[in-house]
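Me: I have a model open and want to go through its contacts. Can you take some quick questions?
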Amino acid sequence: MKSRFVFFVCAALILLGGVARAEDPFIVLASTTSVDNSGLLGQILPLFKKTSGIDVHVVALGTGQALDTARRGDADLVLVHDPDAEDLFMKEGHGITRRELAWNDFIIVGAKADPAKLIGGHDVVAGFKNIWNAGAPFVSRGDKSGTDALEKRIWKMASLDPTKAGPWFKDIGGGMGAALNAAAGLDAYTLADRGTWISFKNRATLIITLEGDLRLLNRYDVIELDPKLHPKAKLDLAKKFADWLVSKEGQAAIGAYTLEGEKLFHPEADAKPT
Amino acid sequence: MDDFSNAVALALRLILSGDAELYAIIRLSLTVSLAAALIAGVLGSVAGAALAVFRFPGRRALVLLANSLLGLPPVVVGLAAYILFSRAGPLGAWGLLFTPPAMVIVQTVLATPIVTAIVHRAAEEMWALYGDGLQMAGATRAEIIPELLKLARLPLLTALLAGFGRTISEVGAIIIVGGNIAGFTRTMTTAIALQTSMGNLPFALALGLVLITISIALNGAAFAIADRRKRP
């Protein structure tokens, strides 16, 4: 019996040794889900690793959660897309530099049947009003992500209060993928970022029902942390990655990422629609 | 039904493909979950047998606690560990957040009550049957614990496998403390959650089938070893 006990302990120790192996220098990047789930980071990180030897550990979260993770000191760098939340983060003194690295746009996707008659329109506020008036099923993220923040701003612009909406308004409290899965299952509308939409496979009857409003511009920023509040973060390594993202090489890598012939993210220098 | 048959075909192709990324994920899943199950096995079997053998105030409360913790929600354990291991938290200096060792710790917490409860039940029976005899032979209670565990070999195996079943299938705790980092803390279950969120349903289901296959193989091996031991 004793020998078996020793065996168990040894086996556990060997396994633990296996999980705690040493490796290359790395940083933790708290990133919004869209740049990760869409496959962009998977595509460009190996290129960065090749030039720098640095591993980037991506923790993909909604923007609100990603910023909170950095506030707690659990990330070395953030990559997010919610201008208002980023302003607050900078004002609190957590961030020291904030640079735009890419942009694309948001879209409203919905079932092909289009009960709220969105197809053909380009005014997102009018679109939200149509959904409200039709009482058409609508999936809301409700997770303090960048997309969720924009959705709330649009309801406000439309002078509508989603907390007073009927049962057609489904606050799922989940990520973009979960919202798209829910919309696909319920034939519902939802606000989505184009990157996640293009890479999303379970579309069922969902199509793009509204796009092309300038208010739907979606910019992605990389924020370096202030050493005053984050003395333990690996700021030197993080700076290398942030610099690379906005460098010629990094920007080219972002612009080169396509899925099924579609560009998911525009590098910062690409002209925005006006 | 197409999705299901696609998933089965895909699962087979995945297993046979020898895809390096998939195998790394499987290896991490097994390493983390086996380590946690083994540590829980050691802690839980000693605790379970001790609860059967020793008499002290609060013993019944501890037994009740172990049984209640069978329903411990992984997401709560993950959250508590996140707060502890966060750089801003009390154990932040250890640098464990978003690493595999943190995943082992939360899964050990989840599996230990399972092993404890199952071993306790078996050890109590053995204690009722043989306790008096062993004591009359001059053994102290502490010395009896290994004897009881030896007698309760099969329930101990069941307890270990139940603990492993909990750890290998768990996602709520490890996704919080591990962060589902590609190539570092991504396991089978967190990969399935990720693929589901990307709408890659057949692929997610195929990963699930691979996971179930591994579990069956491991359980089968454990029972085969136990069977051989039983024969003279």
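Me: Start with helix α8 of chain A. How many of its 11 residues are buried?
Reply: Eight of the 11. This is a predicted model. Helix α8 spans residues 176-186 of chain A and is mostly covered.

Me: Which residues in α8(A) are the buried ones?
Reply: Met176(A), Gly177(A), Ala179(A), Leu180(A), Asn181(A), Ala182(A), Ala183(A) and Ala184(A).

Me: And what follows α8(A)?
Reply: Asp187(A) does. Its phi is positive, near 55°.

Me: Switching to Arg141(A). Where does that one lie?
Reply: In the loop between β5 (138-140) and α7 of chain A. Arg141(A) has a relative accessible area of 4%, so it is buried.

Me: What does the side chain of Arg141(A) make a polar contact with?
Reply: The side chain of Ser145(A), at 3.1 Å.

Me: Leaving aside neighbours within four places in sequence, what is Arg141(A) in contact with?
Reply: The list includes Thr33(A), Asp148(A), Glu151(A) and Asp171(A). Gly173(A), Gly174(A) and Gly175(A) are also among them. So are two residues of α8(A), Met176(A) and Ala179(A).

Me: Aromatics next. How many aromatic pairs over all chains?
Reply: The structure holds 15. Take Trp132(A) and Trp155(A): the ring centres are 6.0 Å apart and the planes are at 65°, so the pair is edge-to-face.

Me: Which parts does that pair tie together?
Reply: Helix α6 (residues 124-134) and helix α7 (residues 146-157), both of chain A. Trp132(A) lies in α6 and Trp155(A) in α7, so the link joins parts 23 residues apart in sequence.

Me: Trp155(A): buried or exposed?
Reply: Buried, at a relative accessible area of 1%. Trp132(A) has 23% relative accessibility and counts as partly exposed.

Me: What about Tyr82(B) and Phe98(B), what kind of aromatic pair is that?
Reply: Tilted, with 6.5 Å centre to centre and 55° between the planes. Tyr82(B) lies in helix α4 (residues 74-85) of chain B, and Phe98(B) in the loop between α4 and α5 (100-136) of chain B. Tyr82(B) counts as buried at 13% relative accessibility. Phe98(B) also counts as buried, at 5%.

Me: Back to chain A. Which residues do ring pairs link into a cluster?
Reply: Phe128(A), Trp132(A), Phe138(A), Trp155(A), Trp168(A) and Phe169(A).

Me: Which charged end sits over the ring of Trp197(A)?
Reply: That of Arg203(A), 4.1 Å from the ring centre. Lys234(A) lies over the face of Phe26(A), at 3.6 Å from the ring centre.

Me: Now the interface. What area is buried between chain A and chain B?
Reply: About 3,000 Å², with carbon and sulfur atoms giving 66% of that. Chain A puts 33 residues into the contact and chain B 39.

Me: How many salt bridges between chain A and chain B?
Reply: One. Arg87(B) bridges to Asp76(A), with the closest N and O atoms 3.4 Å apart.

Me: Which elements give two or more residues to the side of chain A that touches chain B?
Reply: α1 (2-19), α2 (33-37), β2 (55-61) and α8 of chain A. The largest share, nine residues, comes from α1(A).

Me: How many salt bridges over all chains?
Reply: A search of the whole structure finds 26. One is Lys272(A) with Glu100(A), closest N and O atoms 3.1 Å apart. Lys272(A) is in the segment after β12 (266-267), Glu100(A) in strand β4 (residues 95-111), 172 residues apart. Lys272(A) is partly exposed at 29%, whereas Glu100(A) is buried at 14%.

Me: Which residues are linked with those two in a network of salt bridges?
Reply: Glu86(A), Asp87(A), Arg98(A), Arg219(A) and Asp221(A).

Me: Last one. What does Arg194(A) form a salt bridge with?
Reply: Asp105(A), with the closest N and O atoms 2.6 Å apart. Arg194(A) is in helix α9 (residues 194-199) and Asp105(A) in strand β4, 89 residues apart. Both are buried. Glu211(A) forms a salt bridge with Arg194(A) as well, again at 2.6 Å. Glu211(A) counts as partly exposed, at 31% relative accessibility.

Technical notes
Residues are numbered from 1 along each chain as its sequence is written. Chains are lettered from A and ligands numbered from 1 in the order in which they are written. This is a predicted model: local features need pLDDT of at least 70, side-chain atom pairs count only at pLDDT 80 or more; totals for chains, interfaces and linings use all residues. Side-chain values use heavy atoms; hydrogens and water are left out. Buried means under 20% relative accessible area, exposed over 50%, partly exposed in between (1.4 Å probe, protein chains only). Helices (H or I, at least four residues) and strands (E, at least two) are DSSP runs, numbered from the N terminus. Rings of Phe, Tyr and Trp (its six-membered ring) pair if their centres lie within 6.5 Å; planes under 30 degrees apart count as stacked, over 60 as edge-to-face and the rest as tilted. A charge sits over a ring if NZ of Lys or CZ of Arg is within 6 Å of the ring centre and within 35 degrees of the ring normal. Contact means heavy atoms within 4.5 Å. Buried area is the accessible area (1.4 Å probe) that two parts lose on being put together, summed over both. A salt bridge is a side-chain nitrogen of Lys or Arg within 4 Å of a carboxyl oxygen of Asp or Glu. A polar contact is a pair of N or O atoms within 3.5 Å; within protein, one must be able to donate a hydrogen and the other to accept it, and residues adjacent in sequence count only if both atoms are side-chain atoms.
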